Amino acid sequence: MKTIKYILLALTTLCIASCMDKDWETPSLEAGMEGYGNKNLQASNLKTIAELKQLYKTEIDNSGAKKVTDAMQIQGVVTGNDNGGNLYNQVVIQDETGAIIVKLSQSVLQYLPVGQKVLVELKDLYVGSYNKQPQIGGLYNGGIGYLDRYTWADHYKITGDADGTLYPVEPIEVTNINQLNLETDCGKLVTLKGFTIEAADGKRTYAPTKGGLGPNDRAITSSSTGSVTAVTRAFKGISNSTLVLYTSPYADFANQIMLAGEVNITGVITRYRDTWQIYMRVIDDIESANPTDPAVE
């Protein structure tokens, strides 16, 4: 019996060694993506985001939600996700006509990186808004709610080149907030050029859970727990009813010290009724507008 056992052990070892000697191919990005989304989706009734907003204008204007009953798709590029913790459970999709938010009941959407092209089937999903910011999702208390991961997986497809090429969107450069149109530009990727965060003093952080607010800043709290869910920062010379910097205390950069002086901020700009809110996605979305020239130091 011992002899048979040793023979079997030797054969098993030989088999394992043989397998390890094989030249395994490195999985392609395309192969890694096959587990995500619905590869059978087709663009049978493709709409631009602007057309979609027009079709559901009543629901968007009234912060409602309406179910899409016909086959209908949008296609665009991901400009924002929850990877940095600031766009909570959201993916932002933009095409040449506009942008829209998709609300998802899951976090850290690393398989939908910024620059990824996607096709979204809207049938059986809901289109509407949260305080006039257009959104896609499920239904919750008559408004837009979060999609569960299984519903979402059945309603989108990763598109673009098979080699995993990304297609980052060039942000709109904004030097005056009046350049933007609340109806057509909400949700787009922008860069605010030469703006100053009013309370940035070299000590205050982006989203403290206690204190640290300027006179025109605001801590948004949960009605059920009283905990801080976001901090809005005012910009120098601009009313906080016109434009604010919106940061979640769960953002990766929430506790970093705000950059003082004139800055350039790239991010997703949304509307809350008639107020613009700029969401940084990661800390690299902010930089000094007047960096020191090393040559003159």
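**Stop one: a strand and its partners**

Select S2 and strand S5 (residues 117-121): they run antiparallel and are joined by 5 bridges. Strands here are DSSP runs of E, at least two residues long, numbered from the N terminus, and two of them pair if DSSP finds at least two bridges between them. Click Val77, and you'll find its bridge partner in S5 is Lys117.

How enclosed is strand S2 (residues 73-80)? It is largely enclosed by the rest of the structure, because 7 of its 8 residues are buried (under 20% relative accessible area, 1.4 Å probe, protein chains only).

A quick note before moving on: this is a predicted model, where local features need pLDDT of at least 70 and side-chain atom pairs count only at pLDDT 80 or more, while totals for chains, interfaces and linings use all residues. Residues are numbered from 1 along each chain as its sequence is written, and side-chain values use heavy atoms, leaving out hydrogens and water.

**Stop two: the cores**

Next, select Ile197, Phe235, Leu243, Ile265 and Ile278, which have the most contacts inside the largest nonpolar core, a set of 28 residues. Such a core is made of buried Ala, Val, Leu, Ile, Met, Phe, Trp, Tyr and Cys residues joined through side-chain atoms within 4.5 Å. Then jump to Ile74, Val120, Leu122 and Leu147: they are among the 23 residues of a second, separate core.

Key:
Buried < 20%, exposed > 50% of the residue type's maximum accessible area, 1.4 Å probe, protein only. Helix = DSSP H or I, 4+ residues; strand = E, 2+ residues; numbered from the N terminus.
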